[in-house]
Amino acid sequence: MLVQRPYLMRAFYDWIVDSECTPHVIVDATKPHVDVPLQFVENGKIVLNIAPRSVLDFSLDDNALSFNARFSGIPTQVYVPMYAIEGIYARENGAGTIFPDEPAYDEYDAPMQAVEDKKQVQQDAKGTNTKGTNKKSFLTVVK
C-alpha cells in the first residue's frame, strides 16, 4: 500500500478550507530537509498557518508542502517534506488529525541535526555570527 499521509493531508486541508476555517500544520523541524523560519521553532516543533489567504505559491504533493509567506514581515520560502508533518487542524475549533506513524517514513525518524545547530548555520549564512563553520543550510524548492 502507498503511504497515507499525503492523501489524508490533502483531504483534511480541503475539508478545513471548505469549512471556512484556518488550516495549521504541526511540523517536526528536526527532520532532514525541513526549511522553516527557525526563530519560531519551539522544542523542535513549529506550527504553520497554511490558509490560502496567508501563503503564496502553495504546493502540496505526495512528497512535500511548500509555500512562500511572511514571518515578522520577512518574505520566506518554506519547504516541509511530508514525513516531517505530524498533523493538521483547524485553528478555530481544533478539528483535524495527528498522522499515524508509517514504516515508509522510518528512515527519517532520527533528526539530521539539532534545531540549535540549524539556527547557528542560518546565522552564519546571514553573516550575523563571527564564529566560522563549514555547515550549510539545505533548501529544496518544489515546482
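What is the strand order in the open sheet of 3 strands? The order is 3-4-5, and the pairing is antiparallel. Keep in mind that this is a predicted model.

Now the edges. Strand 3 covers 56–60 and strand 5 covers 74–81. Each has a single partner strand, so one side of each is left without a neighbour in the sheet. From one strand to the next, the twist averages 20°.

Let's look at one pairing in that sheet. Strand 4 takes in residues 64–71. Strand 3 and strand 4 are joined by 3 bridges, in the antiparallel sense. Take Leu60 as an example. The bridge partner of Leu60 is Leu65, in strand 4.

Next, strands 1 and 2. Strand 1 is residues 23–28, and strand 2 is residues 45–49. They run antiparallel, with 5 bridges between them. Val25 stands opposite Leu48 of strand 2.

Leu48 comes up again when we turn to the faces of strand 2. Which residues are on the covered face, and which on the uncovered one? Ile46 and Leu48 make up the covered face. Lys45, Val47 and Asn49 make up the uncovered face.

Last stop, the loop between strand 1 and strand 2. Thr30 lies there. Is Thr30 buried or exposed? The relative accessible area of Thr30 is 14%. The cut-off for buried is under 20%, so Thr30 counts as buried. Thr30 also has a polar partner. Its side chain makes a polar contact with the side chain of Asp28, at 2.5 Å.

Notes: Residues numbered from 1 in each chain as written. Predicted model: local features only at pLDDT ≥ 70, side-chain atom pairs only at ≥ 80, totals over all residues. Heavy atoms only, no water. Pairing = 2+ DSSP bridges. Helix = DSSP H or I, 4+ residues; strand = E, 2+ residues; numbered from the N terminus. Axes fitted to C-alpha atoms, helices over the stretch in contact; angles between N-to-C directions. Buried < 20%, exposed > 50% of the residue type's maximum accessible area, 1.4 Å probe, protein only. Polar contact = N/O pair within 3.5 Å; in protein donor to acceptor, adjacent residues only side chain to side chain.
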